[in-house]
Amino acid sequence: MSDTTMAGAPVRRASMIRTIASKELKEIVRDGRFAWTAAIMAILLIAALVTGAERYAGYRLTQEASQAASNSQFYSQGDKNPHSGAHYGNYAFKAAGPLSLFDSGIEAYAGSFVFMEAHKQNLALSPPAGDLSAIARFGDLNGAMILQVLMPLLIIFLGFSTFAGERERGTLRQLLSMGVSKSDLLWGKALGVGAAVALVIVPCIVAGAVVIAFLKVTPSGDAFGARLALMSLAYIGYGLIFLFLTLAVSALASSPRTALIGMVGFWAFCVFLMPKAAGEISKVVHPSPSLGEFQTDMQMSRVKGLGGGPPPRARLEIYKQQLLKKYGVKTTAELPIYWVSTSMQKMEEMDHEIYSYYYNSLNDAYTAQRRVQDNLGVLAPVLPLSSISMGLSGADLLHQNTFTAAAEKQRRLMVETMNGYLSKMAVDFNANQALTGNVSMETNVLVASEAVFKLVPPFRYEPPSLAAVMHEYGKGFAILAAWLVGSIALAFFTVGRLRPQTR
Amino acid sequence: MYALILRHETRGLTRTPAFAFILVLLAAAMTFGAWSAAQTLGREHRGAQAVVAAADKQRGKLARDVAGYERKIAASGGVYEVAAFNHGGGAIPAGTNAGTVGSTAVAPAILPQTGLSTFAVGQSDIQLSYIPVTSNSIITVTRDSELGNPVNLKRGAFDISFVVIFLLPIFILAISYDMLSSEKERGTLAMVLSHPISLRKLMLSKMLSRAAIILAVVLAAGFGSLLAVGSNLSSPDTWIRFGLWLSATLLYSMFWFGLAVLVNSISKNSSTNGVVLAGSWLVLVVVAPTLVSVLATTTYPAPSRFEFITQSRVVQTEVEKEYMKALDKYYYDHAEFAPKSGGEADFLATSLAKNDAVEKAMMPLYNKFRSQLAKQDEMVASFQFVSPAIMMQRTLNDVSGASAARYAHFIDQVIEFRGVWTKYFTSRFLAEKALRSADYRRFPKFEYREEPVSAVIGRTAPSLIGLFALMSVVLGAAFAALRRYQVASR
């Protein structure tokens with residue numbers, strides 16, 4: 001790999017690389033295969049981006065309208081007891097991820113709304129995939145899928161015969177006899193094949209972006225430009241990994257067909273076999289419960305106490321005795337505070353511990369599973385890439401868990417506000433024996449009106465910042481970088497040992 | 001001569017390390033697929049068991065309390081009374097109230113696994129196969145889906161169905177993409193054909209020797225997984241399903257062998273064959289199904305779950321205004337605070353009426369989810385012929401019992417059973433008839449009625465016929481094209 005032949009002539013060296021690259025590019029573009037693979041890629045990529053944009057716009061519209069409708073339903077639910085208001089509850093609808101028009105990630109497979117009600121933390125319900133025919137399990141059509149699955153194959157198709165083909169035709173001997181350094185040869189070839197790939201992909205992305213702009217879909221989110229830049233970086237890195245691997249294998253293989261079959265095999269292993277295998281392996285390493293187990297275990301803890309601790313009912317009784325003692329009274333009716341709402345809130349708080357334990361365990365298991373899959377990225381670079389892509393798009397577990405956590409926080413706030421107001425109403429009522437403010441009394445039940453429900457602020461969901469996303473997926477970037485370095489090194493190694501003929 | 005070629009090919013293949021490697025990979029993938037599907041189904045089975053155990057325990061406690069109360073009344077000679085709705089812990093056990101029991105005791109409705117469940121997970125990782133039925137509205141009863149990591153659901157199951165649909169064609173193409181071209185490139189073709197054998201017979205024997213070995217591995221692995229997961233082997237149902245699986249896999253495999261022969265017979269060199277076949281695989285197994293999926297789900301989109309929610313709330317509010325006073329609203333949520341005398345019966349009747357009214361108003365939209373799904377499935381059924389992979393997926397989901405049709409059949413029975421269950425308790429509740437411990441043994445029980453296996457055969461028939469037709473066309477075209485094949489270079 002010594003550059004002695006070109007020593008002191010960087011300009012000539014650059015022009016040599018350029019010559020090799022342009023020859024390679026011309027050869028690829030003139031091949032009939034280029035036209036049809038490019039056409040298929042172009043159609044699919046543009047279709048994916050446009051349908052993605054439409055889906056994103058539709059989702060956002062419905063989500064915003066539904067959240068507004070649900071909020072107003074909660075506020076104007078009619079005059080009732082504040083605690084009844086908390087039972088009526090409200091819904092939290094998940095906002096679309098900023099780049100989910102490009103990568104819809106887990107959106108079809110995760111519940112996108114949560115019912116927030118008194119006493120109960122609910123799961124995010126109804127993943128859209130449950131309403132879809134089984135054929136949807138073949139995969140979604142989106143930009144990410146095209147770039148993760150089809151782009152590597154395009155690179156393989158355009159690059160597999162780079163060295164092996166020249167060797168078979170006998171032109172490799174000619175080329176090497178002209179005194180081209182092997183590293184220049186590699187850079188030139190890489191540049192040529194890379195340019196051909198870019199020639200297909202870049203115009204499609206530009207065209208897609210123009211159509212999206214025309215559709216007036218305005219993606220939003222924290223540091224949108226930076227997300228886009230990181231996303232591009234990850235995909236370019238992924239493409240380069242396949243490019244250099246293809247060149248390495250092409251230099252190593254005895255014939256073009258061996259290079260092709262080897263790379264197609266690797267591609268199928270990486271893109272189709274490994275993601276599913278990694279999913280199954282991660283479930284064994286970090287098991288997660290079925291719905292039946294999750295719900296019955298949680299219910300058991302609510303009745304019997306968490307982890308052998310005292311049952312909530314018993315704890316409530318102790319709390320009651322403490323209160324009675326503190327105020328020196330015999331029955332809860334004599335307490336200066338309203339026992340009904342106080343006890344409900346106390347139960348609520350004891351439930352919080354149980355819910356937090358179970359929901360956190362569940363989400364932690366899911367995240368741990370995903371990390372196992374990322375680590376298996378040492379075998380298939382698509383694994384960390386898909387995680388990074390979903391993360392930057394805002395359609396990943398991190399966003400999902402942030403959303404459900406925000407909904408739970410909102411639920412607790414709502415219940416606490418309503419129980420708290422009920423306590424206040426009761427005390428006021430007892431003190432004044434008269435009704436104040438927004439309160440009326442109907443056959444012994446305290447009734448609140450809209451103004452009381454409006455004490456609960458509307459649900460707000462703050463998606464994870466870019467820094468949080470990068471914190472979660474930094475390791476994935478490192479694995480991708482290692483792959484890139486490894487594949488370039490491999491390419492240099494095999495091209496360095498390039499022989500004009502097979503033994 | 002024919003047998004000689006076949007024997008020669010087989011011997012040659014089995015001594016090629018690459019071929020042996022592919023066979024090992026295929027066997028390993030099949031085993032891993034069966035094993036991981038068994039894990040997934042085992043987890044679902046544990047979920048069902050947990051629900052059944054919790055339901056039994058809860059019902060057992062209610063029944064014991066009622067029996068104790070019965071003994072007490074018998075001993076004291078008092079009047080056997082009904083507890084107030086959702087009241088517990090007092091002198092009269094909650095289990096005497098039919099309304100309370102109907103809405104809180106759970107009757108699990110279980111969709112059993114078939115003998116071939118491990119062959120395709122299908123949608124069963126999303127659709128719940130154990131539904132806790134109560135007298136609550138059917139919308140609530142059928143609301144939940146199975147719990148799973150969305151990342152894993154997106155990646156999809158690594159089951160036998162995945163191995164057969166995605167990987168098997170790759171293995172087949174890897175061992176046959178250069179069946180003819182490599183002989184030509186090595187220059188051995190002309191020599192072989194100097195023997196008294198036609199090119200078509202040569203290719204047939206090459207194809208059959210490869211197919212026999214590959215399919216032997218698939219059959220052995222399939223049969224092995226049937227034994228390993230402990231399927232009911234004495235049931236003819238299992239064997240019919242296995243037979244359908246085997247037929248579909250055979251037809252599908254022969255389609256890919258046929259495609260390899262076809263491309264070999266018209267194309268120039270091994271590399272081009274490889275590119276064309278890899279491209280065909282991508283188009284038929286990935287691109288076409290994805291496009292048909294987009295077509296079906298955009299032509300018959302599911303109604304928005306968001307809109308369903310907000311619409312339910314509108315109805316709920318309207319109904320509440322119509323039926324309930326503020327007091328009732330409160331007691332509806334907290335019946336334990338409701339006074340035990342006075343207007344209670346009225347309140348309970350109105351709350352039942354309210355539930356009924358909400359459910360009636362929402363049923364059209366609820367049914368639309370199901371009907372759109374059915375229409376999507378019909379559309380996929382008519383577009384399945386564009387890709388053998390779609391035909392395979394439909395067939396394999398059907399033979400394993402994970403098809404949309406079987407799940408709909410299950411949900412129909414759940415809806416029917418929930419009606420029976422509700423009627424049993426509501427009629428007793430409205431008549432203020434106390435539940436006795438003997439009644440607990442007579443509660444309606446959900447028994448899943450399996451669809452006849454003829455229904456499975458009927459549904460898979462179009463796919464199997466389609467696969468057969470496609471295979472015949474490709475094989476016919478391939479062997480016709482071989483007639484025109486130029487053995488010597490131009």
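1. In this predicted model, the axes of helix 2 of chain B and helix 9 of chain B, the latter spanning residues 199–228, come within 10 Å and cross at roughly 25°. Because angles under 35 degrees count as roughly parallel, helix 2 of chain B and helix 9 of chain B are described as roughly parallel to each other, and their crossing is right-handed.

2. The residues that make this helix pair can be listed from both sides: Leu23(B), Leu26(B), Ala27(B), Met30(B), Thr31(B) and Ala34(B) in helix 2 of chain B meet Ile213(B), Val217(B), Val218(B), Ala221(B), Ser225(B) and Ala228(B) in helix 9 of chain B. Divided by class, the contact of helix 2 of chain B with helix 9 of chain B has 10 nonpolar and two polar residues, with no charged residues.

3. Turning to the interface between the chains, 76 residues of chain B are in contact with 74 residues of chain A. The elements that give two or more residues to the side of chain B that touches chain A include helix 2 (17–76), already discussed above, together with helix 6 (160–176), helix 12 (305–323) and helix 14 (344–383) of chain B. Helix 11 of chain B gives the most to that side, with 15 residues. The residues on the side of chain B that touches chain A divide into 38 nonpolar, 22 polar and 16 charged.

4. In chain A, three strands form an open sheet in the order 1-2-3, and the pairing is antiparallel. Strand 1 (90–93) and strand 3 (120–121) of chain A each have a single partner strand and stand at the edges, so one side of each is left without a neighbour in the sheet. Strand 1 of chain A pairs with strand 2 of chain A, residues 113–117, in the antiparallel sense over four bridges, and the bridge partner of Phe93(A) in strand 2 of chain A is Phe113(A).

5. As for confidence, chain A averages a pLDDT of 88, and 93% of the residues score at least 70. Among the elements of chain A, helix 13 (residues 382–393) has the highest mean pLDDT, at 96, whereas strand 4 (residues 439–442) has the lowest, at 44.

6. Two stretches of chain A call for care in reading. Over residues 1–7 of chain A pLDDT stays under 50, and the model has 12 contacts beyond four places in sequence for them; over residues 435–443 of chain A pLDDT likewise stays under 50, with 19 such contacts in the model. Where pLDDT is low, the predicted coordinates should not be read in detail.

Key
Residues numbered from 1 in each chain as written. Chains lettered and ligands numbered in written order. Predicted model: local features only at pLDDT ≥ 70, side-chain atom pairs only at ≥ 80, totals over all residues. Contact = placed C-beta atoms within 7 Å. Nonpolar A, V, L, I, M, F, W, Y, C, P; charged D, E, K, R; others polar. Axes fitted to C-alpha atoms, helices over the stretch in contact; angles between N-to-C directions. Parallel < 35°, antiparallel > 145°, perpendicular 65-115°, else oblique. Left-handed = near helix turned anticlockwise from the far one by under 90°. Pairing = 2+ DSSP bridges. pLDDT = per-residue confidence, 0-100.
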